Amino acid sequence: MRVPYVFNIQRFSVHDGPGLRTAIFFKGCPLRCPWCHNPESQAFEPELMTSPDGASELVGRQYSIDELVAEAERDVMFYDQSGGGVTFTGGEAMAQDVGYLAALARRLRSRGISVGVDTCGVAASAAFTRMAEQTDFFLYDLKFIDAAQHRALTGASNALVLKNLELLNSLEAVIYLRMILLDGLNTGWDVIEDTMLWLKTHGIKLAGVNLLPYHRFGMDKFARLGREPVEFRTPSPETTHKIQQQVARFYECVTIGG
Ligand code: SF4
């Protein structure tokens with residue numbers, strides 16, 4: 001079993017699924033999105049990043065399953081009160097050793113702690129099949145319905161993203177779809193319509209759709225890693241609201257943020 005690196009553990013998160021959650025940020029991602037909020041999550045190995053006060057810090061360390069379970073158990077009372085739990089995120093949680101992930105999820109759930117997985121969908125289908133048995137819900141990113149655009153902007157085609165979404169749907173997993181909105185790139189009426197029609201044509205059932213307007217939080221971190229930041233445009237509130245109305249024709253449970 002390969003023990004993954006973790007670059008952050010965030011308690012009391014309200015953005016990683018229902019209720020108050022402990023988000024475990026695994027290090028390593030197969031994609032290279034230039035708008036990534038956590039570019040220090042992209043490499044699988046530890047790396048140096050300059051801190052905001054100018055010091056050099058090593059990002060990423062390994063945790064045993066016992067350590068992560070102990071960390072999560074600190075907040076059981078808050079999970080119970082809020083309907084929360086633990087979310088595996090990153091980076092790309094599903095690109096980590098699936099034996100480790102499944103064992104961690106099993107341990108948490110045996111203690112009555114809900115487990116969610118945040119994923120970009122680019123991971124082995126066998127890993128999704130295995131994790132679906134140990135996961136209460138998936139936060140599933142769909143960035144671009146167009147394969148060429150997906151490849152151009154993330155570094156990989158969306159073929160596996162769509163295949164694994166269909167797979168999780170066939171396994172009756174609880175899926176919250178997350179759509180980052182990059183103004184002018186995936187916010188047009190026709191792009192949203194194509195996305196919704198693909199989902200409906202393939203019978204995808206969703207517990208919710210979260211629209212996530214781009215923000216520039218990751219730019220500073222790119223610079224602190226010695227990489228060139230790229231700025232995108234945030235859609236206006238009017239554009240985002242129109243997209244919400246458009247999506248609601250297909251899936252009523254659509255919210256901005258999440
Ligand atoms: S999929 Fe997520 S973690 Fe990976 S590079 Fe893109 S935004 Fe960053």
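A salt bridge is taken here as a side-chain nitrogen of Lys or Arg within 4 Å of a carboxyl oxygen of Asp or Glu. By this rule the count comes to 13 salt bridges in what is a predicted model, and three of these pairs are described below.

**Glutamate 40 and lysine 221**
- The side chains of glutamate 40 and lysine 221 form a salt bridge, with an N to O distance of 2.8 Å.
- This pair joins distant parts of the chain, 181 residues apart, since glutamate 40 lies in the loop between strand 2 (21–26) and strand 3 (47–50), while lysine 221 belongs to helix 8 (residues 219–224).
- Glutamate 40 and lysine 221 are both buried.

**Aspartate 136 and arginine 109**
- A salt bridge of 3.1 Å, N to O, brings together the side chains of aspartate 136 and arginine 109.
- Here too distant parts of the chain are linked, with aspartate 136 in the loop between helix 4 (125–132) and strand 8 (137–141), and arginine 109 in helix 3 (residues 98–110), 27 residues apart.
- Aspartate 136 counts as partly exposed because its relative accessibility is 31%, and arginine 109 counts as partly exposed at 30%.

**Glutamate 193 and arginine 249**
- The side chains of glutamate 193 and arginine 249 meet in a salt bridge at 2.9 Å, N to O.
- The two residues are 56 residues apart and link distant parts of the chain, glutamate 193 being in helix 7 (residues 189–201) and arginine 249 in the loop between helix 9 (237–248) and strand 11 (254–256).
- Glutamate 193 is buried, with a relative accessible area of 9%, whereas arginine 249, at 54%, is exposed.

Key. Residues are numbered from 1 along each chain as its sequence is written. This is a predicted model: local features need pLDDT of at least 70, side-chain atom pairs count only at pLDDT 80 or more; totals for chains, interfaces and linings use all residues. Side-chain values use heavy atoms; hydrogens and water are left out. Helices (H or I, at least four residues) and strands (E, at least two) are DSSP runs, numbered from the N terminus. Buried means under 20% relative accessible area, exposed over 50%, partly exposed in between (1.4 Å probe, protein chains only).
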